[in-house]
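Please examine the sequence and the structure shown below.

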Amino acid sequence: MVNVGIIGCGYWGPKHARNFHGLAGANLTAAWDLDEERPRQARTQYPYVATTCDFRDLLRDGVDAGGVATPVGTHYQLAREALLNGKHVLVEKPMTSSSREAMELIELAENRNLVLMVGHTYEYHPAVDYLRQLVKSGELGEIYAIDAARLNLGLFQPDINVLWDLAPHDICITLSLLDETPIAVSARGAGHIDHDICDVAHLELVFSNGTMAHIHASWLDPRKVRLITIVGSKKMAVYDDVSEAEKVRIYDKGLAIPADNDSFAPWPPHYRYGDVTIPFISNTEPLKLECSHFLHCITEGGRPRSDGWAGLRVVSILEAANKSLSNGGRREQMPATKASAEAGAATIR
Ligand SMILES: NC(=O)c1ccc[n+]([C@@H]2O[C@H](COP(=O)([O-])OP(=O)(O)OC[C@H]3O[C@@H](n4cnc5c(N)ncnc54)[C@H](O)[C@@H]3O)[C@@H](O)[C@H]2O)c1
């Protein structure tokens, strides 16, 4: 049994609490928030949970692991304290506000043999698992492009721009599907409501094999959109996370230069229109799978799929994106960090 404490009881923290509460390998033992009222609400649902106004109570004996679901600016300090006190940590995305902080947490966890996992929830999404296998199997062919859109009206964040809020999910999905890290990044965007905080942005990830990836993130859209299109040389796939029952569609569509083409008339190519397949995707809650994986890594000593290195990769991309945003969309080269090397080594899925 792993005794888990929840740090941050706003929107997402209670979802950690519900999932840990429901998992056989965990005891939900404590909840903490700066706002004293919020853990009290948790107590109405889980009467045995110790609530506290002092973070140090949570770090005492009796708690083995902490789930950090607070604003990103606080992740580093809270996760660091928890690690220094010998607790395993599941810290929400994005892992930290800077790659330096992320690196420090990785070193702390590694030196203490503690599990440090990042809440890249989509890593654990059954639809993303399905797409990962689909890409890996070669059924889509060579991946030409990935296009992602994560749009809605709000929720505006006072301390981070829209890329830091929404793009971590699509960055994780893209890196996971391609099993690669980008060599360069560029971003354009603007702050329409608060000029200092970009609320609509377009992020481009450049990969060494020529695959193009584009992520559109917006807090200023009339509809909730969570859409990813993967364009392959053989087939194409669309992942619509808003759809209840038909999240993934595989289109047997494409185009090719005809084999019997005479060299004087290479154009137009042949367009191919084939079947559209809708596979069954399990509806297991991704956060449940994520929390369960965290417990498994603690009890079995494994390395999380979304470990600190994965968190660092995302933070480094967001840092480069911020740089590009302030440079009018200039392409920023990604530093060749140990994180990229680790990414290459972690091709276990
Ligand atoms: N993985 C996902 O799909 C997913 C989804 C939503 C949010 N998140 C992440 O979860 C985190 C929290 O987001 P949220 O939407 O719940 O925010 P929120 O504002 O609803 O809740 C944050 C809570 O943290 C508390 N808090 C602030 N500073 C604190 C501190 N120093 N110590 C203790 N408590 C503190 C606040 O009082 C509040 O109750 C963010 O990092 C966000 O990116 C992840």
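The points below treat the ligand, then a pocket, then the cavities.

This is a predicted model, in which local features need pLDDT of at least 70 and side-chain atom pairs count only at pLDDT 80 or more, while totals for chains, interfaces and linings use all residues. Residues are numbered from 1 along each chain as its sequence is written, and side-chain values use heavy atoms, with hydrogens and water left out.

**The ligand**

- Around the ligand are 21 residues, of which Trp12, Asp33, Arg38, Lys93 and Thr121 come nearest; a residue is near a molecule if one of its heavy atoms lies within 4 Å of it.
- By class, this shell has eight nonpolar, eight polar and five charged residues (Ala, Val, Leu, Ile, Met, Phe, Trp, Tyr, Cys and Pro count as nonpolar, Asp, Glu, Lys and Arg as charged, and the others, Gly among them, as polar).
- Helix H4 (residues 72–84) gives the largest share of the shell, three residues; helices (H or I, at least four residues) and strands (E, at least two) are DSSP runs, numbered from the N terminus.
- A backbone N or O atom of Tyr11 lies 2.9 Å from an oxygen atom of the ligand.
- The ligand taken alone exposes 850 Å², and the protein buries 80% of that (accessible areas come from the Shrake-Rupley method with a 1.4 Å probe).

**The second largest pocket**

- This pocket holds about 290 Å³ of space. A pocket is an open set of points on a 1 Å grid over the protein atoms alone, with protein on both sides within 12 Å along at least five of seven lines, and lining residues have an atom within 4 Å of a point; a volume is the space filled by probe spheres set on the points.
- Its lining has 18 residues, and Glu110, Leu114, Val115, Leu116 and Pro304 lie nearest the centre.
- Nine residues of this lining are nonpolar, five polar and four charged.
- Helix H5 (99–112), helix H8 (286–300) and helix H9 (308–326) each supply at least two lining residues, and H5 has the largest share, three residues.

**The cavities**

- The structure holds two cavities of 30 Å³ or more, a cavity being a set of grid points where a 1.4 Å probe fits but cannot get out.
- Among the residues lining the second largest cavity are Tyr122, Arg150 and Asp170.
- Strand S11 (220–232) and helix H7 (162–178) each give two or more residues to this lining, and S11 gives the most, with three.

How values were computed: A polar contact is a pair of N or O atoms within 3.5 Å; within protein, one must be able to donate a hydrogen and the other to accept it, and residues adjacent in sequence count only if both atoms are side-chain atoms.
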